[in-house]
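Here are a few notes to read alongside the model. Take them one at a time and find each spot in the viewer as you go.

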Amino acid sequence: MNYLQLSYRSIELLTSAWKQSRFTRTFLNPLINQHTSALNYTLSASERKKVLFYYPMYTILACAEMYLAVKGRGLKTAERKRLTLVAAMATICDDLIDEDKWTRDQVFKLLAAGLDEDGLSTKARLLLLMNGELKKIWPLSAAYLEQLKVALEWQSLSVRQLDPSIRVEEIIQVCREKNGHTSLMFSTLLDETWTDAERNFIYQSAIVGQLTNDAFDIYFDVQSGLSTYINRATSVADSRAFFIDECRKLHQYVLGTDNRARHKRACIQRMSCMHAFTLVAFDHLQNTERKYGVPVNWKKPSRKEMVTDMAFNRNRFKLLKYILQLSELR
């Protein structure tokens with residue numbers, strides 16, 4: 001990828017972010033406000049950020065539009081509605097499983113068949129209402145329900161990451177399966193028939209995205225006692241090597257699909273614009289590692305030493321360099 005192509009992809013992503021932000025405000029916010037008001041429930045600041053910004057934005061930019069890039073098309077409005085609703089529902093599902101100790105079967109029954117509202121928590125009732133909004137615009141497909149069941153099972157198992165004795169190999173497995181099957185679930189909301197090669201690409205994209213998230217959230221994960229590959233790896237160099245290898249596999253999966261070469265190239269370029277942030281974060285974490293030694297006890301560094309600040313020009317210049325490098329990774 002050259003600088004002209006980089007400029008185009010950057011503008012493309014910024015436009016997508018603006019479009020989704022506007023769509024969330026006009027479509028999702030009124031629904032959430034309507035139902036929380038009826039339930040006399042106020043989302044906390046962190047809940048609002050997840051439900052109304054982070055999850056919908058990530059699901060569209062880093063999942064759906066990325067999958068469709070390999071097909072050479074954008075999102076339809078009907079697809080955007082489904083994905084935005086399910087993204088908002090996903091974070092509520094996570095909270096029910098992680099905080100309220102719901103089982104996979106309980107969440108699945110609530111979404112697949114519906115339950116009597118009597119005795120349900122307010123958050124569970126909100127999820128039920130949002131699921132009702134989804135059913136109004138789209139009959140839940142068998143493929144969606146089947147993939148949802150698998151994704152919920154792995155989400156339930158992700159509680160293992162709170163166990164300090166969990167092995168690094170198990171962390172990788174849980175993250176790969178949990179996020180991979182969630183990504184496949186999102187793909188069923190699109191009006192596409194995916195080949196096995198395309199499903200491999202979609203599944204693989206999830207672990208790369210999770211590593212990006214973990215590299216930036218390392219401070220918050222350590223504070224909450226969550227074990228991730230990034231905070232449990234022997235060294236930042238090992239994390240970096242693992243990430244690059246997973247990116248290489250991802251690009252090979254894209255190239256292995258039966259799509260036009262220019263669409264596959266565009267897909268890899270788009271992904272590189274997002275995944276390059278991870279390499280900037282690794283640079284920052286390696287500076288911290290030099291100060292504290294290998295392996296780092298990540299409970300010791302300050303927040304500033306762990307959180308990568310993209311406001312610094314030096315990090316922005318690094319980002320451009322890494323985007324170009326990743327886009328050529330094969």
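The points below cover a helix pair and then some aromatic rings.

1. Before you start: this is a predicted model, where local features need pLDDT of at least 70, side-chain atom pairs count only at pLDDT 80 or more, and totals for chains, interfaces and linings use all residues. Residues are numbered from 1 along each chain as its sequence is written, and side-chain values use heavy atoms, with hydrogens and water left out.

2. Look at helix α12 (residues 261-292) and helix α14 (residues 313-327): they pack at about 130 degrees, with axes 7 Å apart. Helices here are DSSP runs (H or I, at least four residues), numbered from the N terminus. That angle makes α12 oblique to α14 (under 35 degrees is roughly parallel, over 145 roughly antiparallel, 65 to 115 roughly perpendicular, and the rest oblique).

3. Which residues make the contact (heavy atoms within 4.5 Å)? Among them are Ile268, Phe277 and Leu279 of α12, and Leu319, Tyr322 and Ile323 of α14.

4. Now the rings, which pair if their centres lie within 6.5 Å (planes under 30 degrees apart are stacked, over 60 edge-to-face, the rest tilted). The structure holds 10 aromatic pairs. Tyrosine 54 and tyrosine 55 have ring centres 5.8 Å apart and planes at 70 degrees, so they are edge-to-face. Tyrosine 54 also pairs with tyrosine 58, stacked, at 6.1 Å and 20 degrees.

5. Tyrosine 54 and tyrosine 58 both sit in helix α2 (residues 45-69), 4 residues apart, about one turn of the helix. Together, Tyr54, Tyr55 and Tyr58 form one aromatic cluster.

Notes:
Axes are lines fitted to C-alpha atoms, for helices over the stretch in contact, and angles run from 0 to 180 degrees between N-to-C directions. Helices (H or I, at least four residues) and strands (E, at least two) are DSSP runs, numbered from the N terminus. Contact means heavy atoms within 4.5 Å. Rings of Phe, Tyr and Trp (its six-membered ring) pair if their centres lie within 6.5 Å; planes under 30 degrees apart count as stacked, over 60 as edge-to-face and the rest as tilted.
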